[in-house]
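Hello,

Here is the structure I promised to pass on. Please have a look, and then read my notes below.

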Amino acid sequence: MTECTQEAFFFAAHFSRRVEASFTARQVSSDGGALLLRQADRKIKLLSRVAACFTDRRSPLLVTHKLAELLSQRIYGLALGYEDINDHEQLRHDPLMALLSGRRKLEEPLAGKSTLNRLELPGGSKRYHKIDYEPEKIDALLVDVFIESHARQPDQIVLDLDATDIPLHGHQPERFFHGYYDSYCYLPLYIFAGDQLLCARLRPSNMDGAAGALDEVKRIVARLRAQWPKVRIVLRGDSGFCREELMAWCEAEENRVDFLFGLARNRRLQKIIGHQMH
């Protein structure tokens, strides 16, 4: 068998600079930018507040990986593009990931895929799934973070409603075919204010794109108005959200919410606005 012992490869120089590829480093990482995320998290304390939305029923004496560490490991992994939980079989030995997760001894491995899987699938076997979360607290946290990002009351808040697809390639629960997206997918609901996320609700795709939007809008508007009673709120969405129930609620005097929705193309509408369209 061929044995390769070369530790460096030299390439053509770039003017006065030497160019080489070296393999002598012990522990290196290409995810150094995640340290900037860590600094941002320390400023707003997001991950510790997310951890407060969970309940850990494990015996403290038997816990090797603390709840905050598990959440940090998984969330930073997602932020770095490691979506598959199987990736953590290698990432658990990454010293940078250990640093991001708050591990005191960087040489000790983080949680593996089986442990993280128990974190991600609450409500299952009481023997193995002993970590639960409270959705209401997580929902409230997203809105609170948005409010805290403003030094003073804004004059206007535009809430963008969006339903999009998450393609599925296996046989996940509640998997349905969606004709518009021409694939098997989920149909999550998102509500943004600018580039800040206020709501993320995972839904199957066998439902109307606006399903559940009114309940989420009511919740968010109530919280915003409790903080800023006089702020102007505008809902914006495509024709998938042009629904009588949602528009009637916005037009009610006690709600005072403006809206701008698209209208699905139809012959009657085209006849009315044909001149302007031309």
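Asn-266 sits in the loop that runs between strand S12 (257-261) and helix H10 (267-272); helices (H or I, at least four residues) and strands (E, at least two) are DSSP runs, numbered from the N terminus. Asn-266 has a relative accessible area of 36%, so it counts as partly exposed (buried is under 20%, exposed over 50%, partly exposed in between, with a 1.4 Å probe and protein chains only). Between the C-alpha atoms of Asn-266 and Asp-238, 28 residues apart along the chain, the separation is 15 Å.

This is a predicted model, where local features need pLDDT of at least 70 and side-chain atom pairs pLDDT 80 or more, while totals for chains, interfaces and linings use all residues. Residues are numbered from 1 along each chain as its sequence is written, and side-chain values use heavy atoms, without hydrogens and water.

Now the largest pocket, which holds about 2,500 Å³ of space. It is lined by 50 residues, and Arg-74, Ile-75, Leu-78, Glu-120 and Ala-200 are the closest to its centre. On a 1 Å grid over the protein atoms alone, a pocket is an open set of points where a 1.4 Å probe fits, with protein on both sides within 12 Å along at least five of seven lines; lining residues have an atom within 4 Å of a point. The volume is the space filled by probe spheres set on the points, which are joined across faces, edges and corners. H7 gives the largest share of the lining, eight residues.

Best wishes
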